[in-house]
Amino acid sequence: MEFNKEQQIIGLRVLSDNVIWLWKNDKYVVVIDPALSQPVKEYLKANDLKLEAILQTHHHSDHIGGTKELIHEWPNVKVIASAKEKDRIPFQNLSVKHGDKLKLLDEEVEVIEVIGHTRSHLAFYFNNETPVLFVGDTLFSAGCGRVFEGTYKQMYNSLKKIKSLPKNTLIYCAHEYTKSNLLWALDIEPENQTLKKKLIEVKKKIALKELTIPFLLKEELKINLFLRADNLKRFSYLRANKDSWV
Ligand SMILES: [Zn+2]
């Protein structure tokens, strides 16, 4: 995605379905949830870029696995994570909480706490020409994160926070789960033509080895059953159903 002449966001696929996002200008990079260090290092070296900051949405190893080695290579890098996670993300050096504002790549980035997948999960939002949200494992295209540590109610409220953002927000999540999420959604709503159309589009992209993310909030509001659930009971039913879906 290119928003303007200076800035860009690049996705690096790693592990089975993770995506590491690199938000960059012509000199510096902010990396979001580096599962591994090597692909990040290679990209930065090949393009003669410096690492300005690492944003950590939560403590799972497929989000922080590469951080230590990146700090080793760039000792002055800012490592930004939830102040509630000093034990589980011990190498953080800029601890943040909901509502904090940061300056990164000359943009004001807002910290939004989205609890549910973990007890302190963060998302990072900035409003460039196009508003952008790095959402970690809270929202996926056509799906949402599993509720490991929070309650369904917390996750439901976190999704409400996301829904309140501008409809043209581009959302960058950390996993390529779109196709499987759509197959599940079609099990719930087999006659939904919008979902069927979306599945065809997604299959085409996958065949071309393209990522199906980022996605636009306004498009997602049409296809994501979790975002469309307008009460906690419905949300809880869907989340429980998805947990046992194979
Ligand atoms: Zn996770």
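Tutor: Val30 is buried, because 25 other C-beta atoms lie within 10 Å (buried means 20 or more other C-beta atoms within 10 Å of the residue's own, exposed means 12 or fewer, partly exposed is in between, and C-beta atoms are placed from the backbone). This is a predicted model, in which local features need pLDDT of at least 70 and side-chain atom pairs count only at pLDDT 80 or more, while totals for chains, interfaces and linings use all residues. Residues are numbered from 1 along each chain as its sequence is written.

Student: Which strand does Val30 lie in, and what does Val30 touch?

Tutor: Val30 lies in strand β3, residues 28–32 (strands are DSSP runs of E with at least two residues, helices are runs of H or I with at least four, and both are numbered from the N terminus). Leaving out residues up to four places away in sequence, Val30 touches Trp23, Glu52, Ala53, Leu55, Leu104 and Leu105, where contact means that the C-beta atoms, placed from the backbone, lie within 7 Å.

Student: And Glu110, is that buried or partly exposed?

Tutor: Glu110 counts as partly exposed, because it has 17 C-beta neighbours inside 10 Å. Glu110 is found in strand β8, residues 107–113, and, apart from neighbours within four places in sequence, it is in contact with Lys101, Tyr125 and Phe126.

Student: Switching to helices, how do α5 and α6 cross?

Tutor: The axes of α5 (residues 178–188) and α6 (residues 193–207) come within 10 Å and cross at roughly 160°, the axes being lines fitted to C-alpha atoms over the stretch in contact, with angles from 0 to 180 degrees between N-to-C directions. That makes α5 roughly antiparallel to α6, a label used for angles over 145 degrees.

Student: Which residues of α5 and α6 make the contact?

Tutor: On α5 they are Thr178, Lys179, Leu182, Ala185 and Leu186, and on α6 they are Leu195, Lys196, Lys198, Leu199, Val202, Lys203 and Ile206.

Student: Zooming out, what does the whole chain look like?

Tutor: The protein chain has nine helices and 14 strands, and 41% of its 246 residues count as buried. Its radius of gyration is 17 Å, which agrees with the value near 18 Å that a compact globule of 246 residues would have; the radius is taken over C-alpha atoms, and the globule rule is 2.2 Å times the number of residues to the power 0.38.

Notes: Parallel < 35°, antiparallel > 145°, perpendicular 65-115°, else oblique. Contact = placed C-beta atoms within 7 Å.
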